[in-house]
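Trainee: I have a structure open and would like to learn how to read it. Can we go through it together?

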Amino acid sequence: MVPFTSFSENETLPDGRKPPVWFAFDETRPLAFFAGIWTAWTSVRKVKEGETTNDVFGFLTTEPNKEVGAIHPKAMPVILTTRHEIALWMTAPAEDALKLQRPLADGALMIVARGEKTDEGGLAA
């Protein structure tokens, strides 16, 4: 799982600029989770360093819902919204866990900001 409070997609403007647009469940930006994977990967990333082992991660994507699709029509992250979905992602066989690969319902997310990140973020005290 990859925790987040908001995430961004770049909006392509008529003048060619691509500023970020920030999405969250609401203005308070509650903690949520992407369906992600992590592994240690051994490879040669830089010839001067030779073979190294590095932590790498990514997250699962799917077709966008209405809000994200208006800004980024290609994809959106798979977002886990319940304890059951989190448990399924972490423990179920891949065939079952991958059934979570679906966009959130239209209206589940909102745009909470536009432009470079300016909020402090972080966990509630």
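This is a predicted model: local features need pLDDT of at least 70, side-chain atom pairs count only at pLDDT 80 or more; totals for chains, interfaces and linings use all residues.

Trainee: How many helices and strands does the chain have?
Mentor: Read along the sequence, and the pattern is β-β-β-β-β-β-β-α-β-β-α-α-β. Count each kind of letter. The chain has 3 helices and 10 strands.

Trainee: What box do the C-alpha atoms fill, and what share of the residues is buried?
Mentor: Along the principal axes, the C-alpha atoms fill a box of roughly 40 × 40 × 35 Å. The chain has 125 residues. Buried ones make up 32%.

Trainee: What share of the accessible surface belongs to carbon and sulfur atoms?
Mentor: Take the whole accessible surface of the chain. It comes to about 8400 Å². The share of carbon and sulfur atoms is 57%.

Trainee: What is the strand order in the open sheet of 3 strands?
Mentor: The pairing is antiparallel. Strand 1 (2-4) and strand 9 (79-80) are the edge strands, since each pairs on one side only. The order is 1-4-9.

Trainee: Which residue in strand 4 is the bridge partner of V2?
Mentor: Strand 1 and strand 4 (residues 32-34) pair in the antiparallel sense. There are 3 bridges between them. The partner of V2 is F34.

Trainee: Are the rings of F4 and F34 stacked or edge-to-face?
Mentor: The structure has 5 aromatic pairs. The ring centres of F4 and F34 are 4.2 Å apart, with the planes at 15°. Planes under 30 degrees apart count as stacked. So the pair is stacked.

Trainee: How many residues apart in sequence are the parts that this F4 and F34 pair ties together?
Mentor: F4 is buried, and so is F34. F4 lies in strand 1, whereas F34 lies in strand 4. The pair therefore ties together parts whose separation in sequence is 30 residues.

Trainee: Which residues do ring pairs link into a cluster?
Mentor: F4 and F34 both belong to it. Three further names complete the list. The cluster is F4, F7, F23, F34 and F59.

Trainee: Which residues have the most contacts inside the largest nonpolar core?
Mentor: This core has 13 residues. Strand 1, strand 3 and strand 4 each give two or more residues to it. Apart from it lies another core of 9 residues, among them V78 and W89. In the largest core, the residues with the most contacts are F7, I79 and L109.

Trainee: Which residues does I79 contact, leaving aside neighbours within four places in sequence?
Mentor: Several are phenylalanines, including F4, F7 and F34.

Trainee: Is R29 buried or exposed?
Mentor: R29 is found in the loop between strand 3 (20-24) and strand 4. Its phi is near 50°, a positive value in a residue other than glycine. Its relative accessibility is 14%. Buried means under 20%, so R29 is buried.

Trainee: What residues does A113 contact beyond its neighbours within four places in sequence?
Mentor: A113 lies in strand 10 (residues 110-114). A113 is partly exposed, at 24% relative accessible area. Its contacts are V21, W22 and R29.

Trainee: How many salt bridges does the whole structure have?
Mentor: Side chains of opposite charge can pair when their charged atoms come close. D15 and R17 form one, at 2.7 Å from N to O. K46 forms another with E49, at 3.9 Å. The search finds 5.

Trainee: In the salt bridge of D96 and K99, what is the distance from N to O?
Mentor: D96 is partly exposed, with a relative accessible area of 30%. K99 counts as exposed, at 61%. Their side chains meet at 3.7 Å.

Key:
Residues are numbered from 1 along each chain as its sequence is written. Side-chain values use heavy atoms; hydrogens and water are left out. Two strands pair if DSSP finds at least two bridges between them. Helices (H or I, at least four residues) and strands (E, at least two) are DSSP runs, numbered from the N terminus. Buried means under 20% relative accessible area, exposed over 50%, partly exposed in between (1.4 Å probe, protein chains only). Contact means heavy atoms within 4.5 Å. A nonpolar core is a set of buried Ala, Val, Leu, Ile, Met, Phe, Trp, Tyr and Cys residues joined through side-chain atoms within 4.5 Å. A salt bridge is a side-chain nitrogen of Lys or Arg within 4 Å of a carboxyl oxygen of Asp or Glu. Rings of Phe, Tyr and Trp (its six-membered ring) pair if their centres lie within 6.5 Å; planes under 30 degrees apart count as stacked, over 60 as edge-to-face and the rest as tilted. Accessible areas come from the Shrake-Rupley method with a 1.4 Å probe; for residues, only the protein chains shown count as cover.
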